[in-house]
Amino acid sequence: MALTVRPISADEHRAFVRVQAWTSFLQTPAWATVKSEWRGESLGWYDGERLAGAGLVLHRRLPKLSRTLAYLPEGPVIDWDSDDLDGWLEPMVRHLRTQGAFAVRMGPPVVTRRWTAEQVKAGIADDAVRGLGELAPTGRSAAGARVIQHLEAAGWRPLVAEGGFAAGQPQYTFVIPLVDGEGSRRTEEDVLAGMNQLWRRNIRKAEKSGVVVTTSETGGDLKAFHDLYVHTAERDHFTPRPLGYFQTMYDALSADDPERITLWLAHHETDLVAATIAIRVGTHAWYSYGASSIDKREVRGSNAVQWAMIRDAIARGADVYDLRGITDTLDADDPHVGLIQFKAGTGGEAVETVGEWDLPLNRTLYKGFDLYLNRRSLIPRRGPK
């Protein structure tokens with residue numbers, strides 16, 4: 001199979017995504033609109049006249065130079081199980097070199113290891129355990145191992161985690177499988193039974209307290225979400241994104257598919273106590289952003305809105321409910337451990353992927369870029385949850 005790579009239109013890219021079981025929303029053509037500070041390019045992999053793969057490339061130009069970093073977050077969407085990965089990656093690299101790329105960065109959406117929620121809980125309780133890697137995984141992926149081996153041999157470099165989190169998109173996530181090992185769909189009762197006692201109690205508490213969860217079909221409540229999000233940022237000490245970012249995100253993803261993005265709101269009486277943004281592509285559903293009020297925390301609005309999103313994912317036939325990034329820490333004294341504890345309460349599993357990799361095409365410029373990144377972050381981040 002001799003593959004060729006060339007630019008495709010947004011409509012061609014959109015049509016390709018539509019027939020996949022799932023694709024990361026970061027690999028949809030709409031994401032180029034969200035990341036307007038990058039130049040977006042949709043690429044197609046052709047086997048003769050058949051479109052066999054696709055990817056969204058975000059080009060970021062170096063200051064005062066015409067050379068760019070070519071970045072494919074959680075992509076490209078190709079056959080990562082192929083025995084001939086060179087046949088897929090080499091034509092991509094050749095094309096990006098002609099576009100002035102000094103380096104290529106990508107994040108293959110390939111799983112390497114998995115751990116159950118019970119393992120995570122036991123690891124946190126064990127003072128001798130500091131990270132997920134010290135626990136025997138419940139599953140290892142031969143495909144993931146092959147991809148890593150190939151990338152290393154081809155000169156790609158793995159990105160090093162920064163401050164506990166991956167340099168770009170998260171290498172570790174926490175997900176709730178909505179299909180069991182036998183291929184049967186899990187019911188609401190199955191998922192609820194898999195949660196820990198605290199999560200189930202908080203869901204019941206929210207219901208008894210009268211928390212009402214609704215969706216905003218038009219995005220008109222984004223201002224209310226953003227106000228609560230800013231409140232959350234002040235409380236949790238992270239820099240919030242501006243309202244305009246979320247408006248652009250909502251409009252762009254909705255234009256791609258009216259059901260792609262949903263704003264969820266949890267009210268107690270007249271007070272907004274929690275709000276979230278959910279995204280869905282094919283059979284994969286994501287919890288993307290969340291916000292909650294410090295007032296009325298006892299009514300458990302955050303648990304209520306999460307449970308509503310999980311139930312919606314089940315009803316729409318999703319295979320996975322993705323709670324997005326975690327770190328690999330299991331150290332009880334690490335400030336990041338609370339995030340994995342909260343997500344592990346859902347009874348899902350921690351997942352490690354191959355992570356993000358760089359291929360330097362101009363080593364001098366790449367070295368300078370590394371130094372520049374130490375002073376200013378350019379990789380698109382989606383912020384703490």
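# Notebook: strands, salt bridges and patches

The model is a predicted one, in which local features need pLDDT of at least 70 and side-chain atom pairs count only at pLDDT 80 or more, while totals for chains, interfaces and linings use all residues. Residues are numbered from 1 along each chain as its sequence is written, and side-chain values use heavy atoms, with hydrogens and water left out.

**Entry 1: the seven-stranded sheet**

I took strands (E, at least two residues) and helices (H or I, at least four) as DSSP runs numbered from the N terminus. Two strands count as paired if DSSP finds at least two bridges between them. I read the order β1-β2-β3-β4-β5-β16-β8 for an open sheet of seven strands with mixed pairing. β1 (3-7) and β8 (157-158) each have a single partner strand, so one side of each has no neighbour in the sheet.

I then followed the pairings from β1. β1 and β2 are antiparallel, with five bridges. β2 (residues 39-47) and β3 are also antiparallel, joined by nine bridges, and G40 stands opposite L58 in β3. The hairpin of β2 and β3 has two residues between the strands, and G48 in the turn has a positive phi of about 70°.

Next I looked at β3 and β4 (residues 68-72), which pair in the antiparallel sense over four bridges. R60 faces L69 in β4. This hairpin has six residues between the strands, and K64 takes a positive phi near 70°. I also checked cover, with buried meaning under 20% relative accessible area, exposed over 50% and partly exposed in between (1.4 Å probe, protein chains only). Nine of the 12 residues of β3 (residues 50-61) are buried.

**Entry 2: the nine-stranded sheet**

I noted a second open sheet, of nine strands with mixed pairing, in the order β7-β6-β15-β9-β14-β13-β12-β11-β10. Its edge strands are β7 (139-140) and β10 (211-216), each pairing on one side only. β10 runs antiparallel to β11 (residues 261-268), with six bridges between them. T215 stands opposite W264 in β11.

**Entry 3: backbone angles**

I looked up residues other than glycine with positive phi. R324 has a phi near 65° and is found in strand β14 (residues 320-326). R324 counts as buried because its relative accessibility is 2%. H237 also has a positive phi, of about 65°, and is found in the loop between α8 (222-236) and α9 (243-256). H237 counts as exposed because its relative accessibility is 73%.

I also recorded a cis peptide bond between G75 and P76, with omega about 5°. P76 is in the loop between β4 and α3.

**Entry 4: salt bridges**

I used the rule of a side-chain nitrogen of Lys or Arg within 4 Å of a carboxyl oxygen of Asp or Glu. The count by this rule is 19 salt bridges. One of them joins R185 and D319, at 2.8 Å from N to O. R185, in the loop between β9 (172-177) and α6 (188-194), and D319, in the loop between α10 (301-315) and β14, are 134 residues apart. R185 is partly exposed at 46%, and D319 is partly exposed at 27% relative accessibility.

I then looked at R280 and E259, whose closest N and O atoms are 3.2 Å apart. R280 lies in strand β12 (residues 271-281) and E259 in the loop between α9 and β11, 21 residues apart. R280 counts as buried at 18%, whereas E259 is partly exposed at 47%. Salt bridges with shared partners join D11, R14, D256, D257 and R260 into one network. Within it, D257 and R260 have their closest N and O atoms 3.7 Å apart.

**Entry 5: charged patches**

I took patch residues as those with over 30% relative accessible area and no salt bridge, like charges being joined within 9 Å. A positive surface patch is formed by R201, R204, K205, K208, R297 and R300. R201 is found in helix α7 (residues 197-209) and is partly exposed at 41% relative accessibility. A negative surface patch is formed by D79, D81, D83, D84 and E90. D81 lies in the loop between β4 and α3 (85-98).

Conventions
Patches are made of residues with over 30% relative accessible area and no salt bridge: like charges are joined within 9 Å, nonpolar side chains (Val, Leu, Ile, Met, Phe, Trp, Tyr) within 5 Å. Accessible areas come from the Shrake-Rupley method with a 1.4 Å probe; for residues, only the protein chains shown count as cover. Lys and Arg count as positive and Asp and Glu as negative; His and the chain ends are not counted. The place of a charge is taken as NZ of Lys, CZ of Arg, CG of Asp or CD of Glu.
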